[in-house]
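This report covers one chain.

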Amino acid sequence: MNKDVIEVQVRAVLPLEGSFAVFLGNEEKVFVIYIDESVGTAISMFMRGVSKERPLTHDLVGHLLLAFGAKVERVVINNINGSVFHARLIISAENELHTTRKVIELDARPSDSIAMAVQQGAPIFVAKSVWDSVEDVSETLAQIEKKGLQAQQEAEASSEEEGGDDDDDEIDEFSDEDIDTIAGIEPEEKGDDEYDDGFGGDDDDEEGEEWKKADG
């Protein structure tokens with residue numbers, strides 16, 4: 001794999017007030033991307049293996065890929081512009097229409113890309129330029145996980161005393177202040193993965209071309 005990218009895993013997906021915080025990283029570093037609530041819920045459901053009565057948007061996309069003999073090869077978060085992240089979704093296809101394996105690279109939001117990667121078990125990579133520019137929030141995640149564990153233990157103890165059952169599928173919601181206060185992040189510093197114009201600009205296309213050259 002190209003040395004200009006670092007492989008990361010989804011370390012946590014935490015619901016906030018009207019949005020989600022996705023923590024990505026490895027043993028060396030962790031950073032956070034703020035995404036919209038619907039995609040955050042989808043990622044969380046994929047990670048927990050929650051079954052659905054009917055296919056949701058990312059399920060449908062996955063089924064379409066499968067129908068055409070395609071799959072998500074990998075995801076690359078390849079650029080950050082201010083607080084806005086950009087990503088490339090790399091898809092491979094091999095079916096009766098293609099005698100050789102075809103690889104396609106698409107411009108995509110990191111949130112959707114992460115959802116598809118988690119759904120299909122595809123690896124997630126971050127460009128080294130992005131990796132070097134994001135803040136390490138490993139300590140923040142550790143404190144939040146500790147707080148969540150304490151809350152879970154207290155809830156379980158309370159449930160045992162009352163003789164009730166906890167809902168295992170329920171996701172504890174954190175407020176924006178829970179993360180911002182611990183991390184020391186001011187509200188105006190928070191970003192998300194939305195594009196400025198919704199379709200990706202020329203700069204992002206150039207970043208994608210650079211990635212393809214480096215990957216080659």
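P110 is buried, its relative accessible area being 0%. Buried means under 20% relative accessible area, exposed means over 50%, and partly exposed lies in between, with a 1.4 Å probe and protein chains only. P110 sits in helix α3. Helices are DSSP runs of H or I with at least four residues, strands are runs of E with at least two, and numbering starts at the N terminus. Between P110 and Y34 the C-alpha to C-alpha distance is 10.0 Å, while 76 residues separate them in sequence.

S113 also belongs to helix α3. S113 is buried, with a relative accessible area of 0%. Apart from neighbours within four places in sequence, S113 contacts V75, A87, L89 and A108. Contact means heavy atoms within 4.5 Å.

## Basis of the model

The model is predicted: local features need pLDDT of at least 70, side-chain atom pairs count only at pLDDT 80 or more, and totals for chains, interfaces and linings use all residues. Residues are numbered from 1 along each chain as its sequence is written, and side-chain values use heavy atoms, leaving out hydrogens and water.

## Helix α2 against helix α3

How do two packed helices get described? The angle between their axes and the distance between the axes are used. Helix α2 (residues 57–67) and helix α3 (residues 110–120) have axes that come within 10 Å and cross at roughly 60°. That makes α2 oblique to α3. Angles under 35 degrees count as roughly parallel, over 145 as roughly antiparallel, 65 to 115 as roughly perpendicular, and the rest as oblique. Axes are lines fitted to C-alpha atoms, for helices over the stretch in contact; angles run from 0 to 180 degrees between N-to-C directions.

From α2, the contact uses H58, D59, V61, G62 and L65; from α3, it uses D112, A115, M116, Q119 and Q120. By class, this contact of α2 with α3 has 4 nonpolar, 4 polar and 2 charged residues. Ala, Val, Leu, Ile, Met, Phe, Trp, Tyr, Cys and Pro count as nonpolar, Asp, Glu, Lys and Arg as charged, and the others, Gly among them, as polar.

## The whole chain

The chain has 7 helices and 7 strands. Along the sequence they follow the pattern β-β-β-α-α-β-β-β-α-β-α-α-α-α. Of the 216 residues in the chain, 44% are buried. Among contacts between residues at least 6 apart in sequence, 63% join residues at least 24 apart.
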